[in-house]
Amino acid sequence: MTPYQRFCHKVLLPISDKALGYDVSRRFDELQQFQWKTRQEIQEYRGRRLRELVQLAADRVPFYREHFQRHGTTHRAIQSADDLPRLPVVGKGDLRERPATLMLEGYRGRTYEMKSSGSTGMQTTVYLDKACNSEVFATQLLHLSWGGFTMGAPHLQTGMSLARGPVRQLKDFIFRCSYTSAFELTDARLADAVRDIERRRIRTVMGYASSLFVFAKYLNRTGRRLEMDSSFTWGDSLFPHYRELIESTVGCRVTDCYGLGEGLQCAAQCERHDALHEHMHGVIVEIVDHHGQPVPEGQIGRVLVTRLEAGPMPLIRYDTGDVASFVSGACGCGRQLCRISRIQGRATDIVTTPGGDRLIVHVFTQIFEMIPEIRQFQVRQTEPASIRILYVPADGFTTRLLERIRREIEGHCTRPPRIEFDRVDEIPLEQSNKRRFVISTVPF
């Protein structure tokens with residue numbers, strides 16, 4: 001750790017917390033100790049937090065209060081994670097159709113919206129507070145440390161929007177983040193990124209798995225090789241061929257992280273780069289069958305997540321739409337945290353346009369998440385010249401919205417494809433219990 005990195009951790013982060021009302025520094029210090037606790041200590045800790053969460057939900061969240069009343073029981077029936085199957089599964093439809101019943105009654109603090117299209121193509125909104133966000137940021141610092149990154153080291157990050165705002169721009173400057181769009185992945189933009197890496201002596205890259213894969217394809221095609229110390233992926237699936245090409249072009253192992261746009265940090269790889277460690281300090285991950293019951297270790301099932309920080313909208317047994325399995329055995333790193341396989345099932349592909357743009361899934365989810373009048377969507381491509389968008393309309397839909405979508409997609413393209421829209425009643429699930437956002441057979 002350099003003196004500046006130590007200064008970021010010991011001085012700048014606490015100052016930032018005090019100025020913005022967060023608690024990231026203290027929580028990060030706690031998590032650095034927590035990760036080495038025994039399994040019994042871990043289970044006792046989150047059993048206590050779970051009981052507090054369920055009691056709060058039973059008292060002040062209509063959805064859970066009605067559940068306990070309907071079944072003639074109380075919150076005392078939930079004493080540990082093993083008892084969670086007694087509670088209902090919360091789906092994206094619940095968040096979309098009756099969010100008020102999931103909110104904490106009498107909550108007085110400031111709330112923050114987290115919008116996500118999730119893995120099923122259905123847009124949702126989750127409400128967080130500063131305590132939830134502090135947990136998210138501290139957890140991110142923890143798993144970044146597993147991959148060899150320390151706050152204050154120069155790094156390149158791909159993200160959703162270059163409109164960072166003054167606070168985020170200041171944070172990027174202080175913590176030495178070079179932030180680039182994950183949507184504008186033309187050769188010219190990627191060449192700019194390489195020059196930025198060389199100029200600023202950046203040794204870490206991080207961002208959406210598909211965006212780093214596109215970057216790696218560019219490096220490979222142009223005969224470039226980087227010498228990074230660490231690289232991190234999140235947001236979409238890190239396929240084996242993604243990992244292989246990224247690692248061969250950036251010169252280091254990839255640390256894969258599993259989080260959700262709903263403000264949940266669920267798991268990440270440690271320095272052994274094997275199965276992902278469950279973030280047991282902040283979430284409880286269940287892997288269940290279609291009836292919401294646990295599946296045996298090693299068997300693939302649906303991923304449910306309970307967030308232990310209640311916030312203004314407690315999430316208990318939230319159905320992520322992803323599938324995975326628990327991995328048996330202990331990790332060689334010595335941590336006693338449960339292990340999870342990489343997220344299974346198909347992730348989305350990448351749309352390639354006639355002008356050579358590469359549009360990753362988040363180009364489309366960012367557009368559609370702001371249009372609640374469209375319930376579901378799917379982009380299909382069989383040739384570079386055109387794409388076909390299937391959509392399921394919701395209340396308030398008008399055809400004028402289609403032209404807005406067309407303009408926004410074309411805004412990401414140097415030479416846009418022809419865009420056709422097909423109205424449908426339903427977009428069917430695949431065997432993985434997911435709807436793919438993008439199905440493209442066009443190589444790039």
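## Nonpolar cores

A nonpolar core here is a set of buried Ala, Val, Leu, Ile, Met, Phe, Trp, Tyr and Cys residues joined through side-chain atoms within 4.5 Å, where buried means under 20% relative accessible area, exposed over 50%, and partly exposed anything in between (1.4 Å probe, protein chains only). This is a predicted model, so to speak of local features takes pLDDT of at least 70 and side-chain atom pairs count only at pLDDT 80 or more, while totals for chains, interfaces and linings use all residues. Residues are numbered from 1 along each chain as its sequence is written, and side-chain values use heavy atoms, with hydrogens and water left out.

The largest nonpolar core has 56 residues, and Phe364 and Ile405 have the most contacts inside it. Helix α9 (residues 209-221) is the top contributor to this core, giving eight residues. There's also a second, separate core of 41 residues, with Leu95, Leu104, Leu128 and Ile284 among them.

Back to Ile405: leaving aside residues up to four places away in sequence, Ile405 touches Ile367, Phe368, Ile371, Ile374 and Phe421. Contact means heavy atoms within 4.5 Å.

## Strands β11 and β12

Helices (H or I, at least four residues) and strands (E, at least two) are DSSP runs, numbered from the N terminus. Strand β11 (residues 301-307) runs antiparallel to β12, and four bridges join the two; strands pair if DSSP finds at least two bridges between them. Gly301 sits opposite Ala324 in β12. Strand β12 itself (residues 318-324) is mostly covered, with seven of its seven residues buried.

## Two positive phi values

Most residues other than glycine have a negative phi. Arg317, in the loop between β11 and β12, has a positive phi near 60° without being a glycine. Arg317 counts as buried because its relative accessibility is 2%.

Arg201 isn't a glycine either, yet has a positive phi of about 55°. You'll find Arg201 in the loop between α8 (187-200) and β5 (204-208). With a relative accessible area of 70%, Arg201 is exposed.

## A greasy patch on the surface

Phe7, Val11 and Ile15 form a nonpolar surface patch with about 250 Å² of accessible area together. Patches take residues with over 30% relative accessible area and no salt bridge, joining like charges within 9 Å and nonpolar side chains (Val, Leu, Ile, Met, Phe, Trp, Tyr) within 5 Å. A salt bridge is a side-chain nitrogen of Lys or Arg within 4 Å of a carboxyl oxygen of Asp or Glu, and areas come from the Shrake-Rupley method with a 1.4 Å probe, counting only the protein chains shown as cover for residues. Val11 lies in helix α1 (residues 3-20) and is partly exposed, at 30% relative accessible area.
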